[in-house]
Structures are given as C-alpha cells and as structure tokens.
Amino acid sequence: MNFLAHIYLSGDDDLLKIGNFIADSIKGKKYLKYPPRIQDGIILHRAIDYFTDTHPVFRKSVQRLFPAYRHYSGIIVDIFYDHFLAANWEDYSDTPLKDYSENFYRLLDENQELLPIKVLNFMPYMIEENWLYSYRKIDGIQKVLNGMNRRTGRKSGMNMAVKELEGSYPSFENEFRLFFEELQDFSRIKITQIDKKKDR
C-alpha cells in the first residue's frame, strides 16, 4: 500500500502513524534505534506490505498490469489503491480528507526529530503539493506516477499507467474494496498482537 493507506491503517495513534509512514526509509534492523512506538509502526508497515503482496485480490490487480509494467506493477497498484481510498474517503472516515491530510502534515512538522533524512527531504514537496489530498483525483495520481517514472530513469513507463486505471476503473475499484476490507481487519488484529507482546 502507499502513504495514505499506511497512515490510515495506523488508527488514531500518532507515533504508530509516523512509524508506519517512515518505514520504507528504514532498512533491516535499523528500526531498533527508534522509540518503541515508532518501532511498532515500522513492524506494522512491514506486516501490511507482506499481507498485501501475497493477497490474491491484490495479485489479480497486479496481473492486469504485469504485461506492460512487469516488476513495477505492484508499485502502481499500491498507488491506484491509495486513489480509491482517497476517492471514497467518506466511506472510511468521518474526518474530511483535507482535514485529515493537514493534521498529518502538522504531526510530521511537530516530530521532525523522529524522521529519517530521506523523509525530511521529500516532506516539503509532499506538504506543498498536498500529496495525500491529491490522490482523490486522477490528475493527482498522474503526478505521482510521473514522478516515479522520473526516479526510474524513465525506464518504467509508469507515467502511462493511468490509461489502464481509466480503462479498467470498475474492476480495480471492486478489487480495492474487497481487499481493503480484509486489510483493515488484518491491521486491527496486528496492532492488538503488537500491544499484547508489549504487555508481557
């Protein structure tokens, strides 16, 4: 999953959100140098990624893209699914997406000492361009894919993937809804398991 989903799946716990958000920038056991609740967020993120990558519904979405985008297909579906979460946000949260996004940016700004350099480097662009809120529109997804295509040296062709999204929009959306319902349940259970281990 991409940024918005990882943040959302952390619930209302601010430090868990931060850990889940920064996890891709923390490799191997380097997470152990962070405060315990940030560690929990990183562990949650890794569990969500494994659940996602091995889930048959997610893999079905990936296979639809695989002939054109090969090993980039999973990354593209992550972004597509963030779009569907943002576009249908009122089905998942009582807090308007604009407010939710601004609250998260404020949380990052107030906790910069916890953020790795990689996150600090892209955070100003994320906030200025309002990435989380922009996901709700196809144009916002196009900008994300354009940026990722540049970062792959324009080898991935990811900037073209919006055509697949538009061409199979109902199929991708149905798969997202089926998958995300299960992912929410999985994440709640995982958080409970993490908390129980701490209580021992």
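The model is predicted, so local features are given only at pLDDT of at least 70 and side-chain atom pairs only at pLDDT 80 or more, while totals for chains, interfaces and linings use all residues. Residues are numbered from 1 along each chain as its sequence is written, and side-chain values use heavy atoms, with hydrogens and water left out.

**Stop 1: helix α6**

Select residues 97-110, which form helix α6. Helices here are DSSP runs (H or I, at least four residues; strands are E, at least two), numbered from the N terminus. The 14 residues of α6 reach 20 Å from first C-alpha to last, close to the 20 Å expected at 1.5 Å a residue; the expected span is 1.5 Å times one less than the number of residues.

Next, colour the buried positions of α6: Leu 97, Tyr 100, Ser 101, Phe 104, Tyr 105, Leu 107 and Leu 108. Buried means under 20% relative accessible area, exposed over 50%, and partly exposed in between (1.4 Å probe, protein chains only). Viewed down the axis of α6, these buried residues fall within an arc of 155°, so they line one face of the helix. The arc is that of the directions from the helix axis to the C-beta atoms.

To see what covers that face, display α1 (3-8), α2 (14-22), α5 (73-87), α7 (117-128) and α8 (131-134), which are included in the cover of the buried residues of α6. Contact throughout means heavy atoms within 4.5 Å.

**Stop 2: α2 and its partners**

On the α2 side the contact is made by Asp 14, Lys 17, Ile 18 and Phe 21, and on the α6 side by Tyr 100, Phe 104, Leu 107 and Leu 108. Axes are lines fitted to C-alpha atoms, for helices over the stretch in contact, and angles run from 0 to 180 degrees between N-to-C directions. Angles under 35 degrees count as roughly parallel, over 145 as roughly antiparallel, 65 to 115 as roughly perpendicular and the rest as oblique.

Residues making the contact include Leu 15, Ile 18 and Ile 22 of α2, together with Ile 38, Ile 42 and His 45 of α3. A crossing is right-handed if the near helix is turned clockwise from the far one by less than a right angle, and left-handed if anticlockwise.

**Stop 3: helix α9 against α5**

Move to residues 138-151, helix α9, whose 14 residues reach 20 Å from first C-alpha to last, close to the 20 Å expected at 1.5 Å a residue. Its buried residues are Gly 140, Ile 141, Val 144, Leu 145, Gly 147, Met 148 and Asn 149. The cover over them includes α5, α8 and α10 (162-167).

Show α5 beside α9: the two axes come within 10 Å and cross at roughly 155°. These helices are therefore roughly antiparallel to each other, and their crossing is right-handed. Ile 75, Ile 76, Ile 79, Phe 80 and His 83 of α5 meet Ile 138, Ile 141, Val 144, Leu 145 and Met 148 of α9.

Centre on Leu 145, which has 0% relative accessibility and counts as buried. Apart from neighbours within four places in sequence, Leu 145 contacts Ile 76, Ile 79, Phe 80, Met 158, Asn 159, Ala 161 and Val 162.

**Stop 4: positive phi angles**

Select Arg 70, in the loop between α4 (56-69) and α5. Arg 70 has a positive phi of about 45° although it is not a glycine, and it is partly exposed, with a relative accessible area of 47%.

Then select Asn 130, in the loop between α7 and α8. Its phi is near 50°, a positive value in a residue other than glycine; at 18% relative accessibility, Asn 130 counts as buried. Gly 153, which follows α9, also has a positive phi, near 70°.

**Stop 5**

Finish at Asp 185 in helix α11 (residues 169-199). Asp 185 is partly exposed, with a relative accessible area of 38%.
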